[in-house]
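Here's my quick note on this one.

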Amino acid sequence: MTAAAATLPDLNFATDWLALREPADRAARAKGLMAAAAGAARARSGKPCIVDLGAGTGALMRAMAGTLPFGTGWRLVDQDAAHLAEAALQPVAPITTVRADLTDLDALPLDRADLVVTSAFLDLVSEAWVHGLAARLAAARLGFYASLSYDGALAWTPRLPEDAKIAAALNTDQKRDKGFGPALGPGAVRVTSAAFRDQGYVVRLKHSPWILGPSGAEGQLQAAFLDGVDAAVGSAAPGWAAKRRGHAGTLRVGHLDLLALPPGAAQ
């Protein structure tokens, strides 16, 4: 989850927050890398099965729908039953929902999968979890696509003197334990890349920042993000949030998308 999402307690993300961010997520994802992930799934099966870890309400399924063949099946895995129920109301493909403890790597339902995906999730997990996932996927020669991992880059325009202090505090806060052990936070993609390369995978990365204007739906998301940041680390610069609200402008939140494919897989 990105910076504002990770300011919410552990993995209990509000459904309205997920709905608010979905259009920005769709716009931000690196389209070429998403298409390459879909191509890797198609290379394994004419009707692939994709497993989405931390699927939430199914936003990634909806974003990828146009890149995959008719009949592609999705297995949506999450710890929140309400999110999975919401996903079941918005199917764009055959789906199965699985409520599971995402901290238990051995219990993740990866049987018959052709691709494992996740979105805005790697920031929350630990280094040990990522290495364990890489080893498990390597044993099955499964590709892995992870979009929208927060990379620590946070910038408002116009700038305020306190912005840098808030960004530093937030990046430290990102490393709190979210239930998986110390979270990777802004280091998520660096650690994940190394874990898959250690397994012999070919890893590709693309930037996928949110760039949010001050009005409309983007302005609403920016305001919600600001509220989350203020609740988490506003004490690092008292009064910053009030000043920030008085200087409407553009917010850029840096993310990275990752595609890791086993050696010999279609690129």
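1. Before we start, helices (H or I, at least four residues) and strands (E, at least two) are DSSP runs, numbered from the N terminus. You're looking at a predicted model, where local features need pLDDT of at least 70, side-chain atom pairs count only at pLDDT 80 or more, and totals for chains, interfaces and linings use all residues. Residues are numbered from 1 along each chain as its sequence is written, and side-chain values use heavy atoms, with hydrogens and water left out.

2. Now the lining of the largest pocket. Helix 9 gives the largest share, 4 residues. Helix 9 (216-233) and helix 10 (240-245) each supply at least two.

3. Next, look for a cis peptide bond: Thr157 and Pro158 are joined by one, with omega about 0°. Pro158 sits in the loop between strand 5 (143-157) and helix 7 (163-173).

4. You'll find Arg141 in the loop between helix 6 (127-140) and strand 5. Arg141 is partly exposed, at 44% relative accessible area (buried means under 20%, exposed over 50%, partly exposed in between, with a 1.4 Å probe and protein chains only).

5. Leu148 is buried, with a relative accessible area of 0%.
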